[in-house]
Each structure stands twice: as C-alpha cells, then as structure tokens.
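Visitor: Could you take me through the nonpolar core and the aromatic rings in this one? I'd like a close look at how that part is put together.

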Amino acid sequence: DGYLFSREIAGINLNDTELVVISGCQSGIGTSELGQSVYGLRRALTVAGSKSTLLTLWKVDDKATAIFMNTFYQKLKEGLGKVKALEATQKEFREGRITSGDDLRDWSEPYYWAAFQLSGDWRPIKDF
C-alpha cells in the first residue's frame with residue numbers, strides 16, 4: 001500500500017543489524033499514546049533488533065541530506081564509531097567545510113545538519 005508502519009517494522013528480524021538509517025523527513029518523530037511512551041520508528045527498529053538508528057527530527061533538505069549521508073558513511077568506513085562519525089560530519093557542516101560541486105550554498109545552518117539523531121550503540125561498525 002506504500003506505507004510502512006511501526007508495527008510492521010517491529011515484526012522484521014533485524015537481529016545483529018548494526019545501524020538502520022532512515023534519512024527521510026521526520027523519521028525520528030513518534031506519536032504519544034495514552035498511558036504509553038512515544039511510539040515511532042526508533043522504538044520499532046529497536047524492538048526488531050537493530051543495535052542503533054539514525055533518524056531525523058524535522059523535514060530535511062534533499063541535497064544536504066545526500067551530502068550528509070555520503071560524508072557520514074565515509075567516516076564509518078574509515079573506522080570511526082557511529083557517534084564520532086556523526087559528530088565529525090555535523091562539525092564539517094557547521095564549520096562550512098562541506099561543498100558540493102558548483103553548489104555554493106552555505107550548509108552551516110543547523111537546519112542542514114542538526115536534524116540527525118543517533119540512538120543506541122555508538123561504537124564502530126564491525127566488519128564494515
């Protein structure tokens with residue numbers, strides 16, 4: 001039907017999955033149910049077995065997100081832990097050290113880099 005619900009994700013076997021990244025808009029936002037904690041993708045992915053997740057808190061810019069993810073994954077490949085890779089990527093954006101060909105936009109505004117939130121295991125990915 002084109003929709004993926006938290007209850008469907010919770011039923012997937014993600015045991016031994018090091019990191020799930022959903023870089024789409026507001027993927028880290030859940031809904032509050034009466035008498036329960038916040039439900040959302042993060043919780044469903046954890047229930048399914050993911051060791052860590054990287055999700056977003058607000059609508060993100062497509063081009064900035066593509067550059068952000070390329071930079072983040074490169075740092076993971078270099079052996080940085082997930083938190084260190086995220087921090088280093090956010091720092092590069094914040095300090096204006098990110099460029100994209102002829103695109104001279106200023107990526108230093110928090111809108112472009114601060115939406116990404118990591119939860120779970122912070123260590124390097126095994127056998128990347």
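Guide: Here is a walk through the core, then the rings. Keep in mind that this is a predicted model.

The largest nonpolar core has 21 residues, and Leu54 and Phe93 have the most contacts inside it. Helices α3 (62-77), α4 (82-94) and α5 (110-113), plus strand β5 (116-120), each put in at least two residues. The largest share comes from α3, with 6 residues. Another core, of 8 residues, lies apart from this one, and its members include Val20, Leu41, Leu45 and Ala48.

Now zoom in on Phe93. Skipping its neighbours within four places in sequence, Phe93 is in contact with Ala64, Ile67, Phe68, Ile98, Trp107, Ser108, Tyr112 and Trp113. Phe93 also belongs to an aromatic cluster with Phe68 and Phe116.

As for ring pairs, the count is 5. One of them is Phe72 with Tyr73: the centres are 5.8 Å apart and the planes sit at 55 degrees, so this pair is tilted. Phe72 is buried, at 0% relative accessibility, whereas Tyr73 is partly exposed at 32%. Then there's Trp107 with Tyr112, centres 5.1 Å apart and planes at 80 degrees, so that one is edge-to-face. Trp107 is buried, with a relative accessible area of 1%, and Tyr112 is buried too, at 16%.

The charged end of Arg94 sits over the ring of Trp113, 5.2 Å from its centre. Arg123 lies over the face of Trp122, at 5.6 Å from the ring centre.

Methods. Residues are numbered from 1 along each chain as its sequence is written. This is a predicted model: local features need pLDDT of at least 70, side-chain atom pairs count only at pLDDT 80 or more; totals for chains, interfaces and linings use all residues. Side-chain values use heavy atoms; hydrogens and water are left out. A nonpolar core is a set of buried Ala, Val, Leu, Ile, Met, Phe, Trp, Tyr and Cys residues joined through side-chain atoms within 4.5 Å. Buried means under 20% relative accessible area, exposed over 50%, partly exposed in between (1.4 Å probe, protein chains only). Helices (H or I, at least four residues) and strands (E, at least two) are DSSP runs, numbered from the N terminus. Contact means heavy atoms within 4.5 Å. Rings of Phe, Tyr and Trp (its six-membered ring) pair if their centres lie within 6.5 Å; planes under 30 degrees apart count as stacked, over 60 as edge-to-face and the rest as tilted. A charge sits over a ring if NZ of Lys or CZ of Arg is within 6 Å of the ring centre and within 35 degrees of the ring normal.
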